[in-house]
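Please read it alongside the sequence and the coordinates.

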Amino acid sequence: MADDVGVSAVDRVDLDRVEDDETLYRSVWLKEFCFFLDEEGVLHVSAEAFADRQHRPSVFRHHLCDAPPYSNPPRLNPDNAVVSLTAGRVRETSPISHQSGKQPVVLYVIDIEPDINEGQHRSHAVVYANPAFPNSNAFAKLKLRLAQLVEEWTIPPDAAFIEQLKQQ
Amino acid sequence: MSSVQTPVATKRFIVIGMPSKTHVRSSGEIDRNIVALQHNYLVSTPTSAPVPAPTDRAHMLYSTWESLEGLYELEENWNGYDVAAPDPDAIEQAKKWIQCLYEETRSEGHRWISPHVTANEEGSAVFEWARHKKRLMVCVSPSDAIYIKSWGPSVVSEMTDGEAVSLEARLRLWTWLLVQ
């Protein structure tokens, strides 16, 4: 299109906001602790593939990566698998309700924001809750939902690894 | 002459790993253990004797045990992000939890589905199962066990959580997982 002449995909991306239609990548360590096969042999990514001590799992925005999915980022290690999510579907997990002990039920809004602090790559973003999750029990709901929202094995685990999982 | 069998009902009310007097450090801990006895909870006993490992490779818990032992090898940031190394006390507690669940499901005549073993960002041991649309997670810390179960896309109406420490809670989760 004429409007696009001289404008790169990166230039069209809003650096301050993650749009609903954006593809987000998560690099997943290729170890048995991050993947498993169910009884029917279906491969699943573990909820703990999204574990993060700050309760803000990192993702990388497709349009701002250099050569996705094989560049780093989003692939943080040459052996890692890469899975993809859609930003809008992540937001649709809102609200996550959680009750800690005898405290009142709290509704957590889930959102994604760019995070290029501390030398992070321009494509780096984080999934976060507002208000922030008070503990790992509340955060576990988000991790489980993110694992279920994985839409595509952008770089799937290799066949040798799958075979290793079958042997377990 | 046949040997005397321990009634199943008696086995259910054994609380595994109650700490000895030397392990009791506060009145709060005493209270917690009394409650545990009353409700047949699995209590935290990080310094109690280790759970015996299944040595037979054909044992249904063998691979789970190997995976739990594998958690000891994980260091901080093991998943490439900001996470704690698995807590050794949580790993030992997870062994007790999974062995309780295994024995209970066997005594109820349920079939066994091996869990996926992993760890969370705080170092708790985590068990996961996926069956059709259902996902079940149980996070075992040195002092607690909580579950999250999901059976559809809605976090509000198709995902719940709670404690997974009592016999009744464990069996309820297992029945839920197995039902089509």
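B:I146 has B:E163 in β5(B) as its bridge partner. Five bridges join β4(B) to β5(B), and these strands run antiparallel; two strands count as paired if DSSP finds at least two bridges between them. The model is predicted, so that local features need pLDDT of at least 70 and side-chain atom pairs count only at pLDDT 80 or more, while totals for chains, interfaces and linings use all residues. Residues are numbered from 1 along each chain as its sequence is written, with chains lettered from A and ligands numbered from 1 in the order in which they are written. Helices (H or I, at least four residues) and strands (E, at least two) are DSSP runs, numbered from the N terminus.

**The sheet of chain B**

- The strand order is β1-β2-β3-β4-β5 in an open sheet of five strands of chain B, with antiparallel pairing.
- β1 and β5 of chain B are the edge strands, each of which pairs on one side only.
- From one strand to the next, the twist averages 20 degrees; angles run from 0 to 180 degrees between N-to-C directions, and axes are lines fitted to C-alpha atoms, for helices over the stretch in contact.
- Seven bridges pair β2(B) with β3(B) in the antiparallel sense, and B:W129 stands opposite B:L136 in β3(B).
- β3(B) and β4(B) also pair in the antiparallel sense, over six bridges.
- B:C139 is opposite B:I146 in β4(B), and a hairpin of four residues joins β3(B) to β4(B).
- Six of the seven residues of β3(B) are buried, which leaves this strand mostly covered. A residue is buried if 20 or more other C-beta atoms lie within 10 Å of its own, exposed if 12 or fewer, and partly exposed in between, with C-beta atoms placed from the backbone.

**Helices on the sheet**

- Helix α3 (residues 136–149) of chain A lies across β3, β4 and β5 of chain B and runs at about 35 degrees to β4(B).
- α3(B) packs on the sheet and touches β1 and β2 of chain B, its direction making about 10 degrees with that of β1(B).
- Contact between two residues is defined by C-beta atoms, placed from the backbone, that lie within 7 Å.

**Helix pairs in chain B**

- Two packed helices are described by the angle between their axes and the distance between the axes.
- For helix α3 (residues 62–71) of chain B and helix α4 (residues 88–107) of chain B, the angle is about 165 degrees and the axes are 10 Å apart.
- α3(B) and α4(B) are therefore roughly antiparallel; angles under 35 degrees count as roughly parallel, over 145 as roughly antiparallel, 65 to 115 as roughly perpendicular and the rest as oblique.
- α3(B) crosses α4(B) in the right-handed sense. A crossing is right-handed if the near helix is turned clockwise from the far one by less than a right angle, and left-handed if anticlockwise.
- B:T64, B:L68 and B:L71 of α3(B) make the contact with B:I91, B:A94, B:K95 and B:I98 of α4(B).
- α4(B) packs against helix α5 (residues 167–178) of chain B at about 70 degrees, with the axes 10 Å apart, which makes α4(B) roughly perpendicular to α5(B).
- The crossing of α4(B) and α5(B) is right-handed.
- In α4(B), B:C100, B:L101, B:E104 and B:T105 meet B:L167, B:R170, B:L171 and B:W174 in α5(B).

**Contact between the chains**

- On chain B, 29 residues are in contact with 31 residues of chain A.
- β1 (116–119), β2 (125–131), β3 (134–140), β4 (145–150) and β5 (159–163) of chain B each supply at least two residues of the side that touches chain A.
- The largest share of that side, four residues, comes from β2(B).
- The side of chain B that touches chain A has 14 nonpolar, eight polar and seven charged residues. Ala, Val, Leu, Ile, Met, Phe, Trp, Tyr, Cys and Pro count as nonpolar, Asp, Glu, Lys and Arg as charged, and the others, Gly among them, as polar.

**Backbone geometry**

- B:H132 has a positive phi near 55 degrees in the hairpin of β2(B) and β3(B), which has two residues between the strands.
- B:H132 counts as exposed, with 12 C-beta neighbours inside 10 Å.
- A:E118 is not a glycine but has a positive phi of about 55 degrees, and it lies in the loop between β7 (106–114) and β8 (124–130) of chain A.
- A cis peptide bond joins A:P68 and A:P69, with omega about 5 degrees.
- Another cis peptide bond, with omega about 15 degrees, joins A:P73 and A:P74.
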